[in-house]
Each structure stands twice: as structure tokens, then as C-alpha cells.
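Subject: Structure handover

Hello,

Here is the structure for you to look over. My notes on what turned up follow below it.

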Amino acid sequence: MERDAGANGTAITEFILLGLVETPSLRPLVFVLFFFAYLVTVGGNLSILAAILVEPKLHTPMYFFLGNLSVLDVGCITVTVPAMLSRLLSHRRAVPYGACLTQLFFFHQLAGVDCFLLTAMAYDRFLAICRPLTYSTRMSQVVQRVLVAVSWACAFTNALTHTVAISTLHFCGPNVINHFYCDLPQLFQLSCSSTQLNELLLFGLGILMAGAPVVLIVTSYIHVAAAVLRIRSAEGRKKAFSTCGSHLTVVGIFYGTGVFSYMRLGSVEASDKDKGIGILNTVISPMLNPLIYSLRNPDVQGALRRVLSGKRALA
């Protein structure tokens with residue numbers, strides 16, 4: 001076992017990440033697939049961000065939040081995938097204790113901002129459709145920036161709390177993590193000390209970080225649906241729903257995978273399933289977001305064409 005002893009002869013100073021596959025012959029294929037996925041995700045999200053910056057039509061609150069979401073998606077995949085790819089190349093699976101906790105912190109920081117940003121986007125759709133007369137004042141640039149700043153502050157508090165709490169745990173036994181990045185459920189399984197407080201923190205903060213946003217998103221869309229159904233023209237209803245469909249798809253993927261990841265603590269048998277969910281969380285979801293938001297949006301498609309062709313939009 002690749003394990004170093006601490007001062008008392010039992011403290012673990014590194015973990016072994018098994019990664020996605022243990023069969024050596026499959027590692028080159030996994031490397032190529034995930035390297036390609038990383039390039040597509042970063043390229044797609046940066047293209048969306050560039051389109052929002054250069055296209056005057058997209059200088060609206062909804063696309064301001066979408067631009068921030070694209071930055072988060074790039075950050076989220078960068079926290080996990082490059083480190084996994086480097087381990088595949090070097091064939092070294094050991095991760096220092098400090099590096100493991102650092103990865104955990106940044107992953108929860110970025111995922112936490114995602115939670116609140118998706119909520120802000122739902123609130124934006126609610127104001128645009130249900131309160132159109134006061135929309136410009138209620139969703140001013142100051143309000144947009146405050147919502148983003150509060151999202152970062154709340155996510156930072158959550159990530160720091162979990163990181164400090166897990167740093168108090170004692171790791172003395174097996175140090176093998178059957179995953180491709182460091183996360184709370186897998187570390188809980190390796191702890192030699194009680195994780196009861198950590199699990200309570202995860203449950204309590206999970207309600208605040210995910211439960212409350214879900215309630216707000218659902219409430220916003222109940223009001224949106226009621227307002228849209230009151231629109232008499234079919235074309236008007238279709239246009240209103242089309243602005244919400246992309247966001248609801250992203251919300252479903254993000255929260256669906258998140259619930260599966262953290263609501264099954266202590267299940268060692270579920271480790272292989274957790275890897276699949278982890279791939280959805282950290283790779284598939286960030287890769288799909290640009291596609292979801294551009295697929296049925298002619299403004300975004302036009303801006304992307306101009307960005308890729310080097311043409312400037314007319315103000």
C-alpha cells in the first residue's frame with residue numbers, strides 16, 4: 001500500500017485514487033475520451049461566453065447569468081479532469097492529503113455557486129414573464145451583481161465548512177478511494193473517527209444549498225406556468241416556454257445527479273455507480289450546457305457564428 005506514516009505511526013498523508021478503470025489496456029481509451037470531453041467542454045463554454053460578450057442582443061440579465069454559468073462549468077471540469085488525466089499518463093495514483101482536500105474545497109465552491117446561479121436564473125424568468133413592467137428595475141445591473149456575489153459568498157462558506165470539518169477526521173486505515181476525484185462520501189467511508197457530525201453538516205447545509213434553491217426554482221416556475229397559460233396566442237405561449245425550457249433541462253440534470261451523489265452515504269457497494277454519477281456531474285453536465293442553451297436559441301446561434309467567423313455584430 002502506498003501509505004506514509006504520521007507522527008503517531010498511523011496517520012495517512014496520501015490517498016490512492018483508483019480512477020475510472022483498473023484495466024491497464026483501457027486507460028489509453030479513457031484518456032482520449034476524457035481529454036476530448038475536456039476540450040469540447042472548455043471550448044463550448046468559452047464560445048458561449050465570447051458570444052454573450054460580443055453580441056449586444058445578449059446583454060441581458062439572463063445571459064449575464066449564463067455567462068457566469070459557463071465560467072463555472074469550465075472551473076468545475078478543470079478541478080477534476082486534468083488531475084485524472086495526469087494520473088493516467090504518469091500511472092501514479094497517489095494524491096497528497098492536502099491536494100485531496102483542496103480539490104474537495106474547490107469542487108464544492110463551484111458546485112455551490114451553480115446552485116444559487118440556477119436559482120437566480122429562475123427568478124429572472126419569473127420577473128421577466130410575471131412582472132414585466134417592473135423587470136428592468138428589479139433586475140438591474142446592481143441586483144445581478146449582488147446575486148452573483150452572494151452566490152459566491154454562500155458557496156465559499158459551505159465549501160470551507162466541509163473542508164475544515166473533514167480535516168478534523170482521523171484517517172488511519174485503508175487509504176484507497178474507488179473514484180476519480182476526492183469527495184465527501186468516499187472520504188467518510190475511510191475515516192477511523194466518527195463522521196456523524198460531518199454527515200449532519202452535509203445534510204443540514206445540503207438543505208440550505210440545494211433544498212432551498214429547488215423550492216425557489218419550483219415556486220418560480222409554478223408562477224411562470226400559470227402566467228404563460230393565461231397568454232391567449234399559441235405563438236406567445238411557445239415563445240415564453242422556450243426561454244424556460246433550456247434552464248429547466250440544466251436544473252434537472254444538475255440537481256438529479258447531485259441528489260444521487262450525496263443522499264447515499266456509507267454505501268461502499270455503490271462506488272461504481274458513484275463514478276458514473278460523478279462523470280455526469282463533472283463532465284457530461286458542463287459539456288451539455290452550451291449545447292442545451294444554443295440548440296433552440298437563434299440569438300445565441302447567430303452570435304456563435306459571428307464569433308467563429310470573426311465578424312462583429314452590429315450594435
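Helices (H or I, at least four residues) and strands (E, at least two) are DSSP runs, numbered from the N terminus. This is a predicted model, where local features need pLDDT of at least 70, side-chain atom pairs count only at pLDDT 80 or more, and totals for chains, interfaces and linings use all residues. Residues are numbered from 1 along each chain as its sequence is written, and side-chain values use heavy atoms, with hydrogens and water left out.

Start with the sheet. Three strands make an open, mixed sheet in the order S2-S1-S3. S2 (94–96) and S3 (176–177) stand at the edges with a single partner strand each, so one side of each has no neighbour in the sheet. Strands pair if DSSP finds at least two bridges between them. S1 (residues 14–17) and S3 run parallel, joined by two bridges. Ile 16 has Val 176 in S3 as its bridge partner.

Next, the charges. A salt bridge here is a side-chain nitrogen of Lys or Arg within 4 Å of a carboxyl oxygen of Asp or Glu. The count is three. One of them joins Arg 92 to Glu 14, with the closest N and O atoms 3.8 Å apart. Arg 92 sits in the loop between H2 and S2 and Glu 14 in strand S1, so the pair ties together parts 78 residues apart in sequence.

Now the cavities. A cavity is a set of points on a 1 Å grid over the protein atoms alone where a 1.4 Å probe fits but cannot get out; lining residues have an atom within 4 Å of a point. Volume is the space filled by probe spheres set on the points, which are joined across faces, edges and corners. There are two cavities of 30 Å³ or more. H1, H2 (61–90) and H9 (271–295) each supply at least two lining residues. H2 gives the most, with four.

Last, Leu 33 lies in helix H1 (residues 27–54).

Best wishes

Methods:
1 Å grid on protein atoms, 1.4 Å probe; cavity = no way out; pocket = protein on both sides within 12 Å on 5 of 7 lines; lining within 4 Å.
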